[in-house]
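This briefing describes the two chains displayed here and how their elements pack and pair. Please read it alongside the sequence and the coordinates.

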Amino acid sequence: MSQKISLKEAERRAFSTTFQDGLWDIYIGCFALMFAIAPLLSRSLGDFLSAAAFLPLFGFVLLFIWWAKRNVVAPRVGTVEFGSWRKARMMKYNLVMLALLVIALILGALSTVDFGLVSGWVVAARFSLVMLAILSLLGYFLNSPRFYGYGVLAALSPLAGEWLYVNLKVPHHGLPVTFGLTAGIMILTGVALFVRLIREHPLPANDEGQSEATAE
Amino acid sequence: MTDERPSGDDLHPLAKIDQVIHAPARLMVLSYLYVVESADVVFLRNMTRLTWGNLSTHVSKLEEAGFLDVEKGYQGKKPRTVVRLTDQGRAAFRDYKKSMQQVLDDLPD
C-alpha cells in the first residue's frame, strides 16, 4: 500500500461527515435571521420580547433538526459514537462557547445601556467581534471551514449595516438588510447541503443495508 | 563462506503481520473503528465505500477473529447493526501498526 494511512485523518473525516448534512447551517442561519427581523419588531414589542418571540422558531427548528437527523440523515449516512479524545474536545468547545455567550450577554447589555453614549460603530464592532469569535470557534471545533466564512459574513453584517445607516439612512442600523442577506446565504447553503446529501445517499432498498451487511 | 540469506528472525516484524487485518478492506474497517467508539454498518459503508456484500464478508471475518463485536438491534422498525472493536481487536490493530511501522521504517527511500 503506497498511500499513507493517517488515523487522525480518518477520525477527522469521520467527524466532519456528521456535519455535512447542512442542518447546523440552517440552525445558525435562523439565528442570523433573528438579528435581521428582531429590530423590525423591537418598536412594537421592545428589545427583549422581539428576541424572545423567536424562541418558538428555534424550538421548531431544533425539532426539525432532531427529526431530520433521526429519520433522514441517520438511515443514509449512519451513526457513530466518537472516542474519548473527541468527546473531551467537544466538552472544551462547550465551555469556551459558554464563556463567549456570557461575554456576548455582557456586551449586549452594555450596548442597550450605553447606546446613546458610544458611537454606533463601537457597538457594531463589538457585535462583529463576538460573531467572528463564535463562528470561527465553531468552525475550528467542528473541523468545518465554511463556518469561518460564515464568521466573516456575520462579522461584516453589523459593520456594513452601520455603514448603510450612516450613509444611506437605512433604518434599524441596516441590520435587517445585512443580517437578512447573511441568514439567506447560511440557510440556502444548509438546504443545498441537505438536498445534496439526500440525492447522494439514497436509502438502501428494503433495508438491504443493515440486514445484508451482517447476514451470516 | 558465510550464509548471507536472511534468517527468519531478520524478517520477524513482517512475519508478525496479522493476515486478517492486512487485507485493505479490513484494514479500512478497522482503521475507522479504531478511532471511534462504535459505528453502525451504514456509516462504515459510507466511509469505506465497500459494497454491502463486501462489507458483510469482511465484518464477519473480523468478528470470527474476535476483533469485532457486532450488535444487531432495531431503531424503530428498522434494523440497525452497531459494530465496535473488542479489546482483542484494538490490541491486534495496535500490534499491526507497530509491526508495519518497523517494517516500513527500515526500507530505503
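Predicted model: local features only at pLDDT ≥ 70, side-chain atom pairs only at ≥ 80, totals over all residues.

**Chain make-up**

- Chain A has 216 residues, of which 26% count as buried.
- Its secondary structure comprises 9 helices and 1 strand, arranged along the sequence as α-α-α-α-β-α-α-α-α-α.
- Of the contacts in chain A between residues at least 6 apart in sequence, 69% link residues at least 24 apart.
- Chain B has 109 residues, and 32% of them count as buried.
- Chain B contains 6 helices and 3 strands, in the order α-α-α-β-α-α-β-β-α from the N terminus.
- In chain B, 53% of the contacts with a separation of 6 or more are between residues 24 or more positions apart.

**Nonpolar cores**

- The largest nonpolar core has 30 residues, and those touching the most other members are B:Tyr32, B:Leu33, B:Ala39, B:Leu44 and B:Val83.
- Both chains contribute: at least two residues each come from helices H1 (7-17) and H4 (55-77) of chain A, and from H3 (24-35), E1 (36-40), H4 (41-48), H5 (52-64), E3 (78-85) and H6 (87-105) of chain B.
- H3(B) gives the most to this core, with 6 residues.

**Strand pairing**

- Strand E1 (residues 80-82) of chain A runs antiparallel to E1(B), and 3 bridges join the two.
- Within that pairing, A:Val80 has B:Ala39 as its bridge partner.
- E1(B) is also joined to E3(B), antiparallel, by 2 bridges.
- B:Ala39 has B:Val83 as its bridge partner in E3(B), and B:Asp40 stands opposite B:Val82.
- Which residues does B:Ala39 touch, not counting those up to four places away in sequence? They are A:Gly78 and A:Val80 from chain A, and B:Tyr32, B:Leu33, B:Leu44 and B:Val83 from chain B.
- Strand E2 (residues 68-75) of chain B pairs with E3(B) through 8 bridges, again antiparallel.
- In this pairing B:Tyr74 stands opposite B:Pro79.
- E2(B) and E3(B) make a hairpin with 2 residues between them, and B:Gly76 in the turn has a positive phi of about 70 degrees.

**Helix H4 of chain A**

- H4(A) bends by about 40 degrees at A:Lys69.
- Its buried residues are A:Val73, A:Pro75 and A:Val77.
- These buried residues pack against elements of both chains: H1 and helix H8 (175-200) of chain A, and H4 and E3 of chain B.
- A:Gly78 follows H4(A) and has a positive phi, near 90 degrees.

**Helix H5 of chain A**

- A:Ala88 is part of helix H5 (residues 84-114) of chain A.
- Is A:Ala88 buried or exposed? A:Ala88 counts as exposed because it has 10 C-beta neighbours inside 10 Å, and the cut-off for exposed is 12 or fewer.
- A:Ala88 and A:Trp121 are separated by 33 residues in sequence and by 38 Å in space, C-alpha to C-alpha.

**Helix H6 of chain B**

- H6(B) has 19 residues and should span 27 Å at 1.5 Å a residue; the distance between its end C-alpha atoms is 27 Å, which agrees.
- The buried residues of H6(B) are B:Gly89, B:Ala92, B:Phe93 and B:Met100.
- Viewed down the axis of H6(B), its buried residues fall within an arc of 100 degrees, so they line one face of the helix.
- An α-helix has 3.6 residues a turn, so residues three or four places apart point the same way.
- The exposed residues on the other side of H6(B) are B:Asp87, B:Ala91, B:Arg94, B:Lys98, B:Gln101 and B:Asp105.
- The buried residues of H6(B) pack against helix H2 (19-22), H3, E2 and E3 of chain B.

Note on methods:
Residues numbered from 1 in each chain as written. Chains lettered and ligands numbered in written order. Core = buried A, V, L, I, M, F, W, Y, C linked by C-beta atoms within 7 Å. Buried ≥ 20, exposed ≤ 12 C-beta atoms within 10 Å, placed from the backbone. Helix = DSSP H or I, 4+ residues; strand = E, 2+ residues; numbered from the N terminus. Contact = placed C-beta atoms within 7 Å. Pairing = 2+ DSSP bridges. Bend = angle between axes of the 7 residues up to and from the residue. Expected span 1.5 Å × (residues − 1). Arc of directions from axis to C-beta.
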